[in-house]
Amino acid sequence: MRAVLAPMRASCPRWTLAFVVLLAAPATGQWRDARALGAGLAGLAQANAARATLVTIATSPGGRAVQALRIGGGADVTTRPALLVVANAYGPHLVGSEIALTTAQRLLQGYGRDSAITRLLNSTTIWFIPRLNPDAAEGMLGAVKWERVGNGTASDDDHDQLTDEDGPDDLDGNGLITSMRVADPNGEWVADSLEPGLMRRADASKGEVGRFRLLGLEGKDDDGDGKYNEDAIGGTDINRNFAYNYLHHGTNAGAWSFAATETRGFADFLIAHPEIAAVYVLGPQDNLMAPWTNRPSMGIADPQGNRSPEGTSAGGQLNSILRADEATFADAARRFQKTTGLSKGPASAPLAGDVLSFLYYDFGRWAFGSRGWWVPEAPRDSAARGRPGTTGGNDPLSEERNAFHWFRANEPDALVPWHAVTLAGESRAVEAGGFAPGAMLNPPTGAQLDSTLARQERFIVELAGMLPRVALRDVKAEALGDGVWRISASVANEGVLPTATALGARLRNPRGVRVDLDAKGGEILSGQKVQLLQPIPGGGRSTRLEWTLTGARGATVELRAGSPVTGTSLQTISLR
Amino acid sequence: MRTRLLLLAALASVSAVPAAAQSAPAALGNLAAAGSPRDPQVQVMWDRFYDHAAIGEIGRRLQAAHPNTCRLSSIGKSHEGRDIWLITVSDFTKGDPDKKPAMYIDGNIHSNEIQGTEFALYTAWYLCEMQGQNPWIDSLLATRTMYLVPTINPDGREDYLKQPNNASSPRTGKVPRDTDGDGLADEDSYDDLDHDGNITQMRRRNPNGRYIESPEDARILIPALPGQRGQWDLLGSEGIDNDGDGLVNEDGVGGYDPNRNWPWRWQPSYVQGGSDFYPTSLPETRAVVDFVSRHPNIAGAQSYHNNGGMILRGPGSPQDEYRPQDVQVFDQLGRVGERILPGYRYIVVWKDLYIVWGGELDWFYGNRGIVTFSNELWTDFKYFEKANERGSNRYDRPEYEFDRLLLFGDAFVPWKPFKHPQYGDIEVGGFKKTFGRAEPGFLVQAEAHRNMAFTVFQMYQLPKVGVDSIGVRSLGNGLTEVTAIVTNERIVPTHTQQDVENRITRPDYVTLTGGTVISGYRVTNTLNGQSVEQPRNPARLEISNISGNSNLTVKWVVRGSGPFTVTVDSEKGGTASLRK
C-alpha cells in the first residue's frame, strides 16, 4: 500500500502542510452535516427546555445557521461565570463539532442522574458553538470529500476575475480528493525508501535524483488556464479571518479581517455575553500540549530600523503572552494532559487570524486550544534513523511517517494507494493517492472516537469547574469610637483561574472585579465607594480592602464585589 | 425649466420653516464674483453647520435642481438608524458614474470634526452649480465621478450639534461603551451646568490656586509665576459626578475612536486605544468598507478631519511602508495641495503626526490600493495668517485676540458663578464648541473652496487612459502586425503599486477587434522590439498597470487587414478606443 506526501502550500498551517489532503474517512455518515447537527442541537434544546437554550449567532453566506447552545440551570444562568466551547472554525475539523455536541448531550443527560454533573450545571453555565464555519465543513460531508476551508462567499483566489471556477475533481470516482503526482525525471520528488507511499524531496547531497512532480490536489484544469485547482469553491476560512496576526490579502483569509458574518457574529456574541470567562477552542491551534509561554521580545522595526518594545503603540502587537498569565496556561496544560492521558501531540498550527489567538490577544479571555484528536504514536521504526529523508533523530516527516505506520495497522482506509488517473493535458503517467481527506484531523469511528469523546468531556467538565468565583471573606467592622468605623474585607477568588488574564486587565476586557461600599447615609472617610481591582489569582487568594466611615451603632452598610466573569458576592455588615 | 429652491438660514431646523419663506422674495440684482456660480439653483449659506435632516435636504434639493448631475442615496444606517448619505456628482448624460474614474470624499468621522461635512456639501454644490458655466468642470464631470459622504458618523454629528459639547466632544460615535470599566455605559457624561448649549470650563477661586487672570484679557487664566499668589483652580470641563463614584465626566457618550476601527493593521486597545472590540465592529465603518470595496472605480480619496492644517498620507503605523512608486504619486499631489492650502503641511501620519493602527486612510490604501489623503482642516495659522504665534505673548493668545478683534467676543461664554454639588461655589465659562477647531463663519466658505480645489485637482489627476496611435504593418501571407500606444495622461497610475502587488483590482484590458488575432504581446522595449507574449486570450491583453504620465506599447499578429479598433478599458482609468 502506498500513499503520498503532497506539496505544501505556504499559507497552510504547518501540520497540514505536509499533506494537502487529509481525512479520516471513517464510516460514511459518521460526521453530522449541517442538517444533522442542527437537528441534534434543536433536539437537545427541546428535550431539556429547563436547562438548554439554542440561539443563532450568524448565518453563513451558504445560508447555514451558526448556533450556540447554552446549558445550565438556575435563576442566575445568565449572570454567573460561563465557559464557552467553540469548534470547527477550520472546516475539515469535524471531530471538534462532534466533541462539542456530544459533551453537551452527555452533560444534559447526566443532569439529575450524576450528582457531580448536576452540581456543575446548577452552578455553571456552559455555551457550545459546535460549528463556526458550517459552509466549509460541508466539504467533508458531501458525496466527494475534500478539505474545504472557505465559507460560501464567492472568491477569486487566483485574481482572474472569475470566482470558484477551478476546484478539485474526483478524477478516479472514489469519492475522495487526494493528491496527484506525475512521473517526471525532472521532478524534485522521490518516494521514500522506507515508506514508499510517502513523497519527499530528493536529497541531492545523498545522490538522489527526483522522479516525480507533485501536482497538488486531485483535479483537472477546469478553466484551461494551465493551473490545477487554483480557485476552489469557498471564500473565507473563519479560522484565518480574526485579527491577531491577520494575513492581509492572504488566500482564504477573507476580503479583510472580520469580513465574514461568522467571524462578526462570533465576536458580537462574545460582546453580548461578558460572563464568558474562559473559552475552549477545538481546532488546529494548540496550547494545552505545548502551553503558551512569555517570551519578551522587541516589537516591529519601523522603516528606519528603530525598534520599540512589543505591546505598545510603536512596537505593535504582543508576540507572546504576558508573564503574569504564564503560570495559568502551564497549569491548564498540566491538567489537560493529566485528565486526558495525552502526553505527546503534534505542534500547533501557527497563530494567524485564528479564533484561539483572538480570544486571548484581542479579547483578553482565558483561551485554551486543542486539536482534540491526532494520530496516536505508532511503534517506532528504528531503521528510519540515518536514512535519506531523515535527519538523524530529527525527521521532518516524523508525523507523516508515524501516520503511515499507525493507519496501516489501525485504519487502512485512511491511506489511498497511488493509482493511475487520467488527467487531460499531462502526457506522462499521473497517479492519485495519499491520505484520505481529514485523516490526520478526525479519528476513525470506534475506539478512537469513543475515547476522544470521553477524555474531552472530562476536560471540559474540569475546565468548567475552574472558572473564577469571587467571594467576600473575613469581613469586619471595627469601632474606632465616636461613630467612626473601620470596615475591612478580603475579596477572594475561590475558582482556579485568575479573575482575568493580565492582558485582559490591560484591555479592560473582561471588566475587572468591582467593589462597592454602600455606606447607607454614612460618610466614607477613607477608601473608595467604588473601585475596580486588578486580577485576583485563583485558589482562594484574595485582595484585602479597608475603609473608614461614619455610622450609627447598629446601622448596617452593604459590601458588594464581583464582575461578569466571577459572579457577585454581597454582604451586609452591622456596625456593632 | 429651472426651479428656484431656497435653502434658508433656518434650515438647521428644517421642520419649522417660517411661513414667510413659502413665497420666494424677489431676487437681488448682483454680479457673480470670479469663480462663483452665476445663478445658483440651490441657495445654501456657507457660514454654519448643518444637522442630519439638513444634509439630506441639501442633497435632495441639489438632486431636484440638477437631476443629471447629482444623486442622493444612502450607503447604510448608523447605529441609531440614521442614513449615511451619499451624494454622487457626475455628468449622468455621459456614461455610468460607477464606471468612471472616481474620487471619494467623506467627513466628520470624529463627531466634533464637523466642517468636513460642509466642505463635502460645498463641493457637491459648487460642482453642480458651476456645471454649464465652466467648460473645464463640464469636461471633468463628463469623464469622472465624485462620491461624497458628508458625514460617515451622523449619530456623533447630531450629538455634537444638538447636545451641549465642547470643541473636542464627542470624538466617538454613539454606540454605548463602558469607558471606565465599572459595568455601566455612558453613565457620567458632561453636564451643561449653565444651560447654554456649550460645555465650557469650571474654575474655583482659591488663594492657593495655580492660575491668575491675565492683565491683557481677564478671560484668560495664565499660570502664576513662581512666588506669585494664585487666584483660581481649573476644574476641567463642565460636569458633575452623575454616578456617585467620586469621579466627574469619566464615562461620556460612546468611548471609542471610529478612526481606529478599520480592518488594516487593526490592533486591540493595549496597542491602539479606542480601536473597539474588533475591526468593523461599528456599523458606520462597515457601510463605508462595503461601499468602497464595491466601487473599484474609486482611484482617489479624501477623509476630512480637523485640525492643524495638514495634508496627511499614510502609513499610520510603522509596520507599513508605502511603495516608492506610490510615494512619488502622493508627493506630486501633496505638494500642489500645500500650494492650494496656505498654512497646510503635507506630512506622513506615523512619522510626522502620531502612530495610528486601524485608521481609515490605511484601509483605503492598504486594502483597496486607493490614493488617499486626510486633511486636518483649520489651523491657528488662519487667525492672523502667521505661523507659530502661540506662546509669543505670556499675557495674550491669538485665539483670544482673534475673538476680540474679528468676532467681537462672540466665541466666548463669559465666566459666571454656579453652585456645584461637589465643588461648591465655582464659575463656568470659556470658548464655545464652534470655536478653536472649526472655522469661524466668515472663513467656512473660503476654506471649503480651497479644500474642494485640492480634491478637484486630485480628481482631475486620476488616471485617464487613451489610445494614442495604431500602427499597421503587413507581414505578408495575409498576416498583419498591429501596434498600439496606450497612454495615461494624468499623475495617478491605473493601479498603485500596492494594488499591483496584491492584485486588488483587475488589470487594464487592451482589446483588438477586427481580424483574427493569432498572438498578442506587450512590448517591453520599443527600441529593439522586445516583447512578452500573452498566450491566453491574446485579443484582450491584460496590463497590470499604466503608470501616471506614461505610455506603453502593445502589438498583435492578426489575420486580416483591418480596419482595426483598439480599446483600453481600465476600472480606475476609464475607457478609450481608436480605429484605424
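## Helix α2 against helix α11 in chain B

In this predicted model, one face of α2(B) contributes Gln115(B), Glu118(B), Phe119(B), Tyr122(B), Thr123(B) and Tyr126(B) to a contact with α11(B), where the partners are Val444(B), Gln445(B), Ala448(B), Asn451(B), Met452(B) and Thr455(B). By class, this contact of α2(B) with α11(B) comprises six nonpolar residues, five polar residues and one charged residue.

Helix α2 of chain B covers residues 115-130 and helix α11 of chain B covers residues 441-460; their axes lie 9 Å apart and the packing angle is about 70 degrees. Because of that angle, α2(B) is roughly perpendicular to α11(B). The crossing of α2(B) past α11(B) is right-handed.

## Helix α6 against helix α11 in chain B

Helix α11 of chain B also packs with helix α6 of chain B, residues 324-340, at an angle of about 155 degrees and with the axes 9 Å apart. Angles over 145 degrees count as roughly antiparallel, and α6(B) and α11(B) are therefore roughly antiparallel to each other. Here too the crossing is described by its hand: α6(B) passes α11(B) in a right-handed crossing.

On the α6(B) side, the contact is formed by Leu333(B), Val336(B), Gly337(B) and Ile340(B); on the α11(B) side, by Arg450(B), Ala453(B), Phe454(B), Phe457(B) and Gln458(B). The residues of this contact of α6(B) with α11(B) are six nonpolar, two polar and one charged.

## Buried residues of helix α4 in chain B

Helix α4 of chain B runs over residues 154-162. Its buried residues are Pro154(B), Asp155(B), Gly156(B), Arg157(B), Asp159(B) and Tyr160(B).

The elements that these buried residues of α4(B) pack against are α1 (52-65), β2 (83-89) and α2 of chain B.

## Interface between chains A and B

Across the interface, 34 residues of chain A contact 32 residues of chain B. Four elements of chain A each supply at least two residues to the side that touches chain B: α6 (261-272), α8 (355-362), α11 (502-507) and β19 (530-533). With three residues, α11(A) gives the most to that side.

The side of chain A that touches chain B divides by class into 14 nonpolar, twelve polar and eight charged residues.

Terms used:
Residues numbered from 1 in each chain as written. Chains lettered and ligands numbered in written order. Predicted model: local features only at pLDDT ≥ 70, side-chain atom pairs only at ≥ 80, totals over all residues. Axes fitted to C-alpha atoms, helices over the stretch in contact; angles between N-to-C directions. Parallel < 35°, antiparallel > 145°, perpendicular 65-115°, else oblique. Left-handed = near helix turned anticlockwise from the far one by under 90°. Contact = placed C-beta atoms within 7 Å. Nonpolar A, V, L, I, M, F, W, Y, C, P; charged D, E, K, R; others polar. Buried ≥ 20, exposed ≤ 12 C-beta atoms within 10 Å, placed from the backbone.
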